[in-house]
Amino acid sequence: MSWLNKYSIIFFDVLDSTDLEAKRMIKRGVRGNHVIVSAVQTRGKGRNGNFWHSPDGNLYFSIVFDHKNNLSNLSQLSLVTSLSCHEAMQYFLNDKELSLFPKLFKIKWPNDLLLNDKKFCGILLQTLPCMDVHEDKIINYLIIGVGMNLTNSPKNINYLTTSLKEEGIEHKYNDVFNKIMERFNENYKLWQA
């Protein structure tokens, strides 16, 4: 089954944050599985509330769905998401680059992906319980935020950053997004099993 059959996609040109939009949707009572994508974020955030630099050209999205998983196991989904991004990158490398793959890309627990030991992708997990007034029960929502530097990266911060383009790897925005979601859909099913 294609991931497009499971999630509805909502695109924005500019948004404060895909995670904040996910929370607003949940609080408004919007149900179902969604992926919220924005070309630019004005208030993107990373782990510990750190600002996530979000200019045009990079990939910012949040996966939103209700879940019935044990809350104590949810932190594992950071690794499931990281693995999905990692596999997507592996898919796009050509044969020459593939021989360098283990040295180039690394997953740094709990929520970063590194390229040549520089951060190019961050993942943020949040849960949001919400009362469903129609069914008079609490529904637990999971929001998985992903920010990936495709074309540029922030400078003058306290750790090294890069983008795919800065490292000589260029692929179409939609292709990268689709492949990450495809791998996430499969990896999430494996994780549930």
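Mentor: Helices here are DSSP runs of at least four residues, numbered from the N terminus. The model is a predicted one. Under that naming, H1 is followed by Gly29, whose phi is positive, near 95°.

Trainee: Why is Ser17 called buried?

Mentor: Buried means under 20% relative accessible area. Ser17 has a value of 4%, and therefore counts as buried.

Trainee: Where is Ser17 placed, and which residues is Ser17 in contact with, leaving aside neighbours within four places in sequence?

Mentor: Ser17 belongs to the loop between strand E1 (8-15) and helix H1 (18-28). With those neighbours left aside, its contacts are Arg24, Gln41, Arg43 and Gly44.

Trainee: How do you know that the buried residues of H1 are on the same side?

Mentor: The buried residues are Thr18, Asp19, Glu21, Ala22, Met25 and Ile26. They cover an arc of only 160° around the axis, so they lie on the same side of H1. The face turned away from that buried side carries the exposed residues Lys27 and Arg28. Among the elements covering the buried residues are E1 and strand E2 (34-41).

Trainee: Why is Trp109 called exposed?

Mentor: Exposed requires over 50%. Trp109 has 51% relative accessibility and therefore counts as exposed.

How values were computed:
Residues numbered from 1 in each chain as written. Predicted model: local features only at pLDDT ≥ 70, side-chain atom pairs only at ≥ 80, totals over all residues. Heavy atoms only, no water. Helix = DSSP H or I, 4+ residues; strand = E, 2+ residues; numbered from the N terminus. Buried < 20%, exposed > 50% of the residue type's maximum accessible area, 1.4 Å probe, protein only. Contact = heavy atoms within 4.5 Å. Arc of directions from axis to C-beta.
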